[in-house]
Amino acid sequence: MFPFQNKKHKKGLRKLAKLTEHSKKRLKERCGFSRGTSSRMAEKALKYGISHKETTGELNRWLSGQYLKYKKGNNIRLYGDMAYIFQGTMLLTVLYIPKNLLTKAHALEKRKKVMLQEEIRKSE
């Protein structure tokens, strides 16, 4: 079970990630996502994204800089080619990961995906 997994609600699954108007605008501008897609991607980033503590080296230094720049953002997740900056579970904004760090981010994402798949196999 993931720490940010949705809990059952009377009307189905509760939305975990909340989006601000600014984040909706940035997701549309930078990713081309519609409203429905934006909320789904924010959920995925929150659940499966790479957290700050899982990074090392240059990627960690870049994330530390973003953390200090966006003082309200206390939960930064890397998912795909983007950095999602959350305050708790509320998405504040979305940034591009610099091109020189993309390969490192993708390698971490791949490693995390393999680990999650192994956990699922063990639990079955």
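I looked up the accessible surface first: the protein exposes about 8400 Å², and carbon and sulfur atoms supply 55% of it (Shrake-Rupley method, 1.4 Å probe; for residues, only the protein chains shown count as cover). The model is predicted, so I note that local features need pLDDT of at least 70, side-chain atom pairs count only at pLDDT 80 or more, and totals for chains, interfaces and linings use all residues. Residues are numbered from 1 along each chain as its sequence is written, and side-chain values use heavy atoms, with hydrogens and water left out. Of the 124 residues, 37% count as buried (buried is under 20% relative accessible area, exposed over 50%, partly exposed in between, with a 1.4 Å probe and protein chains only).

**Elements.** I found 4 helices and 7 strands (DSSP runs numbered from the N terminus: helices are H or I with at least four residues, strands E with at least two). Their order from the N terminus is β-β-β-α-α-β-α-β-β-β-α. I also checked contacts (heavy atoms within 4.5 Å): among those between residues at least 6 apart in sequence, 57% join residues at least 24 apart.

**Helix α2.** For its 14 residues that gives 20 Å, and the end C-alpha atoms are 20 Å apart, which agrees. Buried in α2 are Ser38, Ser39, Met41, Ala42, Glu43, Ala45 and Leu46. These buried residues pack against β3, α1, β5, β6 and β7.

**Helix α3.** I repeated the check on α3 (residues 57-69): its 13 residues reach 19 Å from first C-alpha to last, close to the 18 Å expected. Its buried residues are Leu59, Trp62, Leu63 and Gln66. They cover an arc of only 95° around the axis, so they lie on the same side of α3 (the arc is that of the directions from the helix axis to the C-beta atoms). On the other side, Arg61 and Leu68 are exposed. The cover over the buried residues of α3 includes β5, β6, β7 and α4.

**Strand β5.** I then turned to β5, where 5 of the 5 residues are buried, so the strand is largely enclosed by the rest of the structure. Asn75, Arg77 and Tyr79 are on one side, Ile76 and Leu78 on the other. I looked up its pairing (at least two DSSP bridges between two strands). Strand β4 joins β5 antiparallel through 2 bridges, with Ile50 opposite Leu78. β5 and β6 pair antiparallel over 5 bridges, and the bridge partner of Arg77 in β6 is Tyr84. The β5-β6 hairpin has 2 residues between the strands, and Gly80 in the turn has a positive phi of about 70°.

Key
The expected span of a helix is 1.5 Å times one less than its number of residues.
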